[in-house]
Amino acid sequence: MGLWVFPVSRRWVVGRLLPSLDRHCQRELLSAELQVCSRCAAAHPKLYYAWNYRLWLCQHMDLDMVRWSLRVLTFREPLMLEHMMEFT
């Protein structure tokens, strides 16, 4: 089974769970999934499916989660600049 199955399967499960959860649980789930995405993308920087899944997760976040995600990106900016070819 290829690495692309991992984010695709998680998206299917999370997409079905989100509507049934309250706001707090949605935030917890999205936060955990973003962390999984970060680890997956760090291990395999060119894995398109992990980055696409991260984008899908961001589309389901509320404003507070978007702010948190921006702080994470700001923290990782030096890493991205150091490895620019892997993030383009």
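Reader: Which residues is D62 in contact with, leaving aside its neighbours within four places in sequence, and what makes that a contact?

Author: In this predicted model, D62 is in contact with R23 and R27 once its neighbours within four places in sequence are left aside, and the word contact is used for heavy atoms within 4.5 Å. The C-alpha atoms of D62 and R27 are separated by 8.2 Å, although the two residues stand 35 residues apart along the chain. Residues are numbered from 1 along each chain as its sequence is written. Local features need pLDDT of at least 70, side-chain atom pairs count only at pLDDT 80 or more, totals for chains, interfaces and linings use all residues, and side-chain values use heavy atoms, with hydrogens and water left out.

Reader: Why is D62 called buried?

Author: A residue is buried under 20% relative accessible area, exposed over 50% and partly exposed in between, with a 1.4 Å probe and protein chains only; D62 has a relative accessible area of 17%, so D62 is buried. Its place is in the loop between α3 and α4 (63–82), where helices (H or I, at least four residues) and strands (E, at least two) are DSSP runs, numbered from the N terminus.

Reader: How do you know whether E33 is buried or exposed?

Author: The relative accessibility of E33 is 5%, and therefore E33 counts as buried. E33 lies in helix α2 and, leaving aside its neighbours within four places in sequence, is in contact with R10, V14, Y53 and L57.

Reader: What makes α2 roughly antiparallel to α3?

Author: Helix α2 (residues 23–43) and α3 pack at an angle of about 160°, with their axes 9 Å apart. Axes are lines fitted to C-alpha atoms, for helices over the stretch in contact, and angles run from 0 to 180 degrees between N-to-C directions. Angles under 35 degrees count as roughly parallel, over 145 as roughly antiparallel, 65 to 115 as roughly perpendicular and the rest as oblique, which is why α2 is roughly antiparallel to α3.

Reader: How do you know that the buried residues of α3 are on the same side?

Author: The buried residues of helix α3 (residues 48–58) are A50, Y53, R54, W56 and L57. They cover an arc of only 160° around the axis, so they are on the same side of α3, the arc being that of the directions from the helix axis to the C-beta atoms. An α-helix has 3.6 residues a turn, so residues three or four places apart point the same way.
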